[in-house]
Amino acid sequence: MRVYSPAKINLHLRVGPKRSDGFHPLVSWMVAVGLFDTLDFTLDTAGRVDLSCPDPAVPVDDRNLIVQAARIMQVEATRILGGETSLSPLAPGARGVRIELSKVIPMGGGLGGGSSNAATTLKALNELWLLNLPQDRLSALAAGLGSDVPFFLNGPSSICTGRGEVITRVDSPAAHWVVLILPEISMPTPAVYRQFDQMPSCPDFDQAVDWAQWCNLSAEVLLRMLQNDLEPSAFALCPNLARLRESAQSLVARPVRMSGSGSTLFTLFDTKDEAIAAADLIQSKQSVRTIAVTIANVEK
Ligand code: C5P
C-alpha cells in the first residue's frame, strides 16, 4: 500500500501563555500543502515493525513517530482483538509491517512532516490490519503522539485549538498558491517555545476571527491579516532567519510569514504563474531553496 503524506503550514498561529501541563494554548489555521513524503506499507505476518529510509539523517528506530504510531496500533490490536486465537495472518500477534519511507519534507522546518507520517501510519495500519477503529479513537491515539498529528487525520484546512489537537474544518483559502522558502536551518520546537516564554505575552491570542471571511480574501489582503506569535522567538534564536525574511519580503513586495516554529518561511499568491515567478526570484537572489505548491486541495 503506497500513501502520500503531505506537509502543512500554519497560515496563522496565535500562542497563549504556558499551561500547567507545559503546553501552550494555540489558535492556528493549518493547511496541508502539496509537498509529500511517500510511505510504502507491506504486511509482515511475523508481527515485526520495520522502518527503512534511504536518507541516513532520518532515524528509523523508536525515535521516529512512524515506529511509535505502528507500536500503538499493535497495542490497540491486542486490546480490541486480544482473545482472538486464529492462525490467520491478521491475528493480533501477527500484525506487523514493513514501511519504506521516502523523505522529501525537510525536518525541523515547521512543516509537520513527522506528524504527517505518523497520521498516515495510523490510517494505513487501520486498513492494512483490518482494525476498523473509529475516527475518534484514531484522533485520541494521534493526540498522544504529538500536538500536530490529529490535524493530518482531518485536514486539509482546519482551525486547530487546545494545544493543537482540537480540530475544526474550514474552507480552503481562495488564495491557494504558496511559495515555501526552505532554508537549511533546523529549528528545535521546544527551544522556540522556551524563548517565547521569556518574551512579552500576547493577551489577545484567542480573539475571535471570522474564518469564513478570511477564506475568501485575496492573497495580498489575507497576508496582512496573518500572524505567527512564534516569529519573534525564532528570530531571536536565529537572526539569519530574520534577515532572510526581510530580504524575501522586499524582493516579492508582500508579507512573508514563518510556519510553526520555523524555519520554513512562506508567502501567498492567487495564481500559479505569480507563485512560480516569485519562487524563482527568491531562489536566484537569496541562494535558498524555494518551491511553489498548492494549498489544501493536495490530492496526489
Ligand atoms: O506535541 P509535540 O510533541 O509536537 O510538542 C513538541 C514540543 O513543543 C512540546 O514538548 C512543547 O515544548 C512544545 N509545544 C508547546 N505547546 C504546544 C505544542 C507544542 O509548548 N501547543
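Are F151 and F152 buried or exposed? Both F151 and F152 are buried, where buried means under 20% relative accessible area, exposed over 50% and partly exposed in between, with a 1.4 Å probe and protein chains only.

## Before we start

This is a predicted model, in which local features need pLDDT of at least 70 and side-chain atom pairs count only at pLDDT 80 or more, while totals for chains, interfaces and linings use all residues. Residues are numbered from 1 along each chain as its sequence is written, and side-chain values use heavy atoms, with hydrogens and water left out.

## Aromatic rings

A pair of aromatic rings is described by the distance of the centres and the angle of the planes. Here, rings of Phe, Tyr and Trp (its six-membered ring) pair if their centres lie within 6.5 Å; planes under 30 degrees apart count as stacked, over 60 as edge-to-face and the rest as tilted. By this rule there are four aromatic pairs. One of them joins F151 and F152, edge-to-face, with 5.1 Å from centre to centre and 75 degrees between the planes.

Another edge-to-face pair is W211 with W214, at 5.3 Å centre to centre and 70 degrees between the planes. Both of these tryptophans are buried. W211 and W214 sit in helix 6 (residues 211-215), three residues apart, about one turn of the helix. Helices (H or I, at least four residues) and strands (E, at least two) are DSSP runs, numbered from the N terminus. Ring pairs also bring in W29, linking W29, W211 and W214 into a cluster.

The charged end of R163 sits over the ring of F23, 4.8 Å from its centre; the rule asks for NZ of Lys or CZ of Arg within 6 Å of the ring centre and within 35 degrees of the ring normal.

## Strand 5 and its partners

Strand 5 (residues 157-161) is largely enclosed by the rest of the structure, because four of its five residues are buried. Two strands pair if DSSP finds at least two bridges between them. Strand 5 pairs with strand 2 (residues 26-44) in the antiparallel sense over four bridges, and V31 stands opposite S157.

Four bridges also join strand 5 to strand 6 (residues 166-169), again antiparallel, with S158 opposite R169. The hairpin of strand 5 and strand 6 has four residues between the strands, and G162 takes a positive phi near 70 degrees there.

## An open sheet with helices across it

Now look at the four strands that form an open antiparallel sheet in the order 8-9-7-10. The edge strands are strand 8 (257-258) and strand 10 (289-294), each of which pairs on one side only. Strand 8 is joined to strand 9 (residues 265-269) by two bridges, and M258 stands opposite L265.

Helix 9 (residues 239-252) lies across strand 7 (177-182), strand 8 and strand 9, at about 20 degrees to strand 9. Helix 10 (residues 272-286) lies across strand 7, strand 9 and strand 10, at about 170 degrees to strand 10. Axes are lines fitted to C-alpha atoms, for helices over the stretch in contact, and angles run from 0 to 180 degrees between N-to-C directions.

## A buried arginine

R257 lies in strand 8 and is buried, with a relative accessible area of 13%. Contact means heavy atoms within 4.5 Å. Not counting residues up to four places away in sequence, R257 touches several residues, including L223, L226, E231, R245 and F266. A polar atom of the R257 side chain lies 3.2 Å from the backbone oxygen of L226.

Terms used: Polar contact = N/O pair within 3.5 Å; in protein donor to acceptor, adjacent residues only side chain to side chain.
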